[in-house]
Amino acid sequence: MEKNTFYITTPIYYPSAQLHIGHALTTVMADTMTRYKKMQGFDTYFLTGSDEHGQKIERAAKAAGKEPIEYVDEIVKGFKHLWEKLLITNDDFIRTTEERHKSSVQQIFKKIYDQGDIYCSEYEGWYCTPCETFFTERQVGEEKVCPDCGRPVELVKEESYFFRMSKYQDRLLKHIEENPDFIQPVTRRNEMINFIKSGLEDLCISRTTFDWGIPVPINDKHVIYVWFDALSNYITALGYGTDHDEKYQKYWPADIHLVGKDIVRFHTIIWPTILMAADLPLPKQIYGHGWLLSDTGKMSKSKGNVVDPLVLIDKYGLDAIRYFLLREIPAGSDGYYSEDALIQRVNTDLANDYGNLVSRTVAMIEKYFSGVIPAPEVPGEHDEELISLAKEVAQEAKGYMDKLDFANALTSIWKLVNRANKYIDETMPWLLAKDEAKKGRLGTVLYNLVEAIRYVTLMIAPVMPTIPDKVWAQIGAVAEENKDWSDLVWGQTKQGQKVSKRDAIFPRIDIKEKQQGNKEEKPKVKKSKEEQKIEPQKEEITIEDFAKLDLRVAEVVACEKVEKTDKLLKLEVKLGDEVRTIVSGIAKHYTPEELVGKKIVMVANLKPAKLRGITSQGMILAASQGDVLEVISVDKDLPGGSRIK
């Protein structure tokens, strides 16, 4: 039985300069969708490439003292390097300078010309070289600037070939209205319907004032204008018009053309009408995503506000960058980039919530079950809520992924991450471990946590491709048994799997350190202990002053994070027969599991204080220097309540 096919494309990027983080967004979206469809058993094909012709490239190459092909070769090499760094799994990379593309474009041109839908005439209009687009007098206004990019336009008058695009206006409108998913999201669809209803003009598709392009097959004084040339890549890459068109027969029409909202018009009007004229099937959907904005607006090379994704990958890792891009851009809308927002996402979602869930669970299995995943033998309160949510999230995330709504898909998945963390606080495994009679219940709790982690890790695999193997290594899962969406069935984790605690999957990022890393680095000189900055000694006290402090040994019997804070832990400590609550700001240095069972030192006669609505009945003693902090504890088996003198 043949698999269902899925063909997705990105725009082919213009090699006038290296790509920025906004370009990475489109390609990461397409790659994530491809990986997701593979997990569902689809036979996928993913195309990206470079659009290398046009006057802009010719002028840029001349300014650099190079031939156009030499100029684009260097930049395209950078494109491919970036996609490798982001683990982009494209099946093909089409270049419009390749012979396979040129010959097919000429065939498409000749086919449409022969049926009378291309004619020669004279054209006069305002031309924006950076946008490779003609505009009317009304569109450029009195200032004579491009309505898209704001740069000056040139008045161009020359003989050109025209495509009878206006002939297909009604047919295109009918297709859009009969196929609601053809243009997505709905806001883009409505914009294009209004544009078409305002009237389509015939399209200029050749130029004579430069020669860096594909020659018109019936008149080599003309080169084929960039949009007719570039848009055809989606079928020329599949072998259309050649004796080897098996891929075209198999994968066309495309399931999704994924593009930025600024080029939706070209893909939803020019491209479909070309295909109609050539009597070829139309793509199933064109999806126009929003822009990634900085604090100075849309990123563009001319503004100088672009962000180099290679630098970010080196600083934060490819998985963190991919997660941020998909989590931060609402479906179809614009999103905002800042390095602070990126760090916040990594620290909160990835390090604190998800990474810490994996670390805590593995640590508890190692501590309480010698590193072997126990069987879920004793069900109890909160289990069904966790299990039901896991199943619900799997369906919800699938629905969002199918619509390319990655931000909501990840928000949904993180509901399960947060519920699993809450489940730890509710079931308090460290207390269950104190009672041998509750060993079975403890085993069930830890098994359920591993299953929740497995669910989350499977669902985020298309977004963060290197993470699953790291997690499987920690929870003892077999990658081959956890690679398809159909593996999201509760209870797949096998009793007896051996866990193995490793380095943190997402270490927390020190914001100060990263900010300093953006500045010019100065050589670090290790100071001697005498030179290290130590807090100055406080004024002298008498023995009577010291005697006012009641310092005690306290055994930590339970510990949990205080909700909606990054710094606070709530500890239950035992002093003799009394149990007290202490709130302490040490969450960045200790997990709850690390503290349970410790014999710490506390100030027992400190006046109670309320922190986040919790009454704290004492203070923990700790030593600190810079970013290092260690809670003071005693090694000998002294009972809780023992006095410190």
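The model is predicted, so local features need pLDDT of at least 70 and side-chain atom pairs count only at pLDDT 80 or more, while totals for chains, interfaces and linings use all residues. Residues are numbered from 1 along each chain as its sequence is written, and side-chain values use heavy atoms, with hydrogens and water left out.

The chain contains 22 helices and 26 strands, taken as DSSP runs numbered from the N terminus (helices H or I, at least four residues; strands E, at least two). Its C-alpha atoms fill a box of roughly 100 × 60 × 40 Å along the principal axes. Of the 645 residues, 53% are buried, where buried means under 20% relative accessible area, exposed over 50% and partly exposed in between (1.4 Å probe, protein chains only). Among contacts with a separation of 6 or more, 75% join residues 24 or more positions apart; a contact here means heavy atoms within 4.5 Å.

The contact involves L312, K315 and Y316 from α12, and E339, L342 and I343 from α14. By class, these residues are 4 nonpolar, no polar and 2 charged (nonpolar: Ala, Val, Leu, Ile, Met, Phe, Trp, Tyr, Cys and Pro; charged: Asp, Glu, Lys and Arg; polar: the others, Gly among them).

Turning to the cysteines, the structure holds 0 disulfides, a disulfide being a pair of cysteine sulfur atoms within 2.5 Å. For C146, the nearest cysteine sulfur is that of C128, 3.7 Å away. C146 counts as buried because its relative accessibility is 2%. For C204, the nearest cysteine sulfur belongs to C120 and is 10.0 Å away; C204 is likewise buried, at 5% relative accessibility.

Aromatic side chains form 21 pairs, counted when ring centres of Phe, Tyr and Trp (its six-membered ring) lie within 6.5 Å, with planes under 30 degrees apart called stacked, over 60 edge-to-face and the rest tilted. The rings of Y455 and W490 have centres 5.5 Å apart and planes at 50°, so this pair is tilted. Y455 sits in helix α18 (residues 439-460) and W490 in the loop between α19 (467-475) and α20 (511-517), so the pair ties together parts 35 residues apart in sequence. Both residues, Y455 and W490, are buried. Elsewhere, Y7, Y45, Y234, Y251, W252 and W271 form one aromatic cluster.
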